[in-house]
Amino acid sequence: MRLPLPAGRRPAEPGTDGNGNGAEPADLIEQPPRGPGQTSPKAAVAEGAKDVLGWVDQRVGGSGFLTGMLYRKVPKGTNWYYTLGSATLFAFVIQAITGVFLAMYYTPSPSGPNSAYASITHINNDVFLGEFVHSLHKWGASVMIILIFAHMARTFFFGAYKYPRELNWVIGVVLLILTMIMGLTGYLLPFDQRSFWATTVANNITGTGPVLGPYLADFLRAGPEFEATTLSRFYAIHMLLIPGAIIALIGAHLYLVVKLGTTAPPWMKAAKPKAAVPVERVSASADGSHGGAPR
Amino acid sequence: MADQREQREAGQEAGLQAAKPDPPGYFPGESMTRRRAFEVAVQAIGGVAAGAVVLPAVGFAIAPIFHRGKERWEAVGRVGDFSSDTYKEVVFTLVPGIGEAGKTIAYVRRGSAQLHEDPKVFIAISSRCAHLGCPVRFVQAAGNFICPCHGGVYDFEGKRIGGPPVRPLDRFQTRIRAGTVEVGPRYSVTSQLKPVRARDPGEFVGGIWDYLYPPRPDVFPPPSQ
């Protein structure tokens, strides 16, 4: 976003006349004199904010990128279905924020007075707004699954996976799988009867995969049975391993969206290309009277 | 100054141009330029450094696959507590240190002469369903084991007679110490009740399945019979 910087304080382009050549940008050399008139606090705050943003932008150079991203052209026919991806991202952000705060009270211990179940009970019953944050995380998980599938369906039915966006489809499928792994590993964490037996069944389904399945099940459980470290293992996968991968892949996903742009919905007719040759010349050559194809 | 430059240019035109190393630093006869050698060296050092971090971390995470725990035996009752015509439900600790989550149920009886079993041997059948691991229950009236999750049914010996399970119920090794029955490591059985190494639920036994579900280093070998 090109900010309306005051005259004389517009940052120089990085690397033009200020970087590495010994010379400083013009606005750093010539400090503009402040007039005595601008003394209202509001104006001073606005001026200060512009100064800070200008200072940052001069060193980061992000305003050009932001302008390009926020004011990029989108195709005609773009509609509400195009917001499903952003909605999924929003659901993920909600999960991340509520997850961080749940982690402050949660203990991944299978037994004892500080067991996982006891900590969840404590969150729900004792902590201020604990049940609200827990419920946001629990129901937000389902919302995210629904939204990610809706986003996938939009992409599929609008044909938005086609060239040159195949790679973004592949990244999206990996994100879908990672999101489902989040659902699987998060299901164990409340550590009630449903959690325990659902995870037991899910683990044994994993084990039925040929050749690698038994080892994968052992890896998830950290042993041949439900072990002492199974819960903390699921917790680490749920809150460290997979979220990191999801954040990295969302970055790649968004980069490709910005770089490649979005597609028009399939019911929008493609714009007619302007004829390179006047129509009368094309029709005149059709009967061969002028000979030679026009270029 | 000007004279020197002219001399240099003249010298280059006269043939020094051909001797100028290309790429810089190259001399005839060497198999690898200095620049390339440094590239390879830096990449190799970087690879070693990355491996020094990644390999121990991965090994740390997958180590439990290769670790076999200590063999544990749990007392489940006196010898006189068990009969040969019905099962007694016993709860014992399979994985210590994690409270209720580490406990499991076995159904224990004496060997039955009617089933051509040694009456001195005790049979402990695991409650873990061979379909996906839900807990089965022995139903006295039916004489069967029934799984609540997906409807698996097993007969008195634990052989599958209905539903989705892929093999009979697992068993635990048993022994008698000072008049007390003890249960030990888990093992699986084929449809003819031949002991094989323990497997996870959902995994077939015998034939090609022994290759599709290869042995895991963290389970105990089956008892020899």
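1. Let me start with the interface: 25 residues of chain A are in contact with 25 residues of chain B, where contact means that the C-beta atoms of two residues, placed from the backbone, lie within 7 Å. This is a predicted model, in which local features need pLDDT of at least 70 and side-chain atom pairs count only at pLDDT 80 or more, while totals for chains, interfaces and linings use all residues. Residues are numbered from 1 along each chain as its sequence is written, and chains are lettered from A and ligands numbered from 1 in the order in which they are written.

2. On the side of chain A that touches chain B, α8 (193-207) and α9 (213-221) each supply at least two residues. The most comes from α8(A), with 7 residues. Helices here are DSSP runs of H or I with at least four residues, strands are runs of E with at least two, and both are numbered from the N terminus. By class, this side of chain A has 15 nonpolar, 7 polar and 3 charged residues. Ala, Val, Leu, Ile, Met, Phe, Trp, Tyr, Cys and Pro count as nonpolar, Asp, Glu, Lys and Arg as charged, and the others, Gly among them, as polar.

3. Those two helices also pack on each other: α8(A) and α9(A) meet at an angle of about 150°, and their axes are 7 Å apart. Axes are lines fitted to C-alpha atoms, for helices over the stretch in contact, and angles run from 0 to 180 degrees between N-to-C directions. From α8(A) the contact takes N203(A), N204(A), T206(A) and G207(A), and from α9(A) it takes G213(A), P214(A), L216(A), A217(A), L220(A) and R221(A). That contact has 4 nonpolar, 5 polar and 1 charged residues.

4. Chain A has 11 helices and 0 strands, whereas chain B has 3 helices and 11 strands. In chain B the elements run α-α-β-β-β-β-β-β-β-β-β-β-β-α from the N terminus on. Of the 295 residues in chain A, 24% are buried, and of the 225 residues in chain B, 27% are. A residue is buried if 20 or more other C-beta atoms lie within 10 Å of its own, exposed if 12 or fewer, and partly exposed in between, with C-beta atoms placed from the backbone. Among contacts with a separation of 6 or more, residues 24 or more positions apart account for 65% in chain A and 42% in chain B.

5. Have a look at α4 (residues 84-103) and α10 (residues 230-260) of chain A, whose axes come within 12 Å and cross at roughly 150°. The two helices are therefore roughly antiparallel to each other, the term for angles over 145 degrees. The contact joins L89(A), F92(A), A96(A), G99(A) and A103(A) of α4(A) to M239(A), P243(A), I246(A) and I250(A) of α10(A). Its residues divide into 8 nonpolar, 1 polar and no charged.

6. Which residues of helix α5 (residues 116-125) of chain A are buried? They are A116(A), Y117(A), S119(A), I120(A) and I123(A). These residues cover an arc of only 160° around the axis, which puts them on the same side of α5(A); the arc is that of the directions from the helix axis to the C-beta atoms. The cover over them includes α4, α6 (130-157) and α10 of chain A.

7. Some backbone details deserve a check. Most residues other than glycine have a negative phi, and most peptide bonds are trans. The peptide bond from Y163(A) to P164(A) is cis, with omega near 5°, and P164(A) sits in the loop between α6 and α7 (166-188) of chain A. F191(A), in the loop between α7 and α8 of chain A, has a positive phi near 60°; F191(A) is buried, with 23 other C-beta atoms within 10 Å. In chain B, A178(B) has a positive phi near 55° and lies in the loop between β9 (171-177) and β10 (180-189). A178(B) is exposed, with 8 other C-beta atoms within 10 Å.

8. Finally, is R128(B) buried or exposed? R128(B) is buried, with 24 other C-beta atoms within 10 Å, and its place is the loop between β4 (122-126) and β5 (137-139) of chain B. Leaving aside neighbours within four places in sequence, R128(B) is in contact with G133(B), P135(B), D170(B) and P201(B).

Notes:
Parallel < 35°, antiparallel > 145°, perpendicular 65-115°, else oblique.
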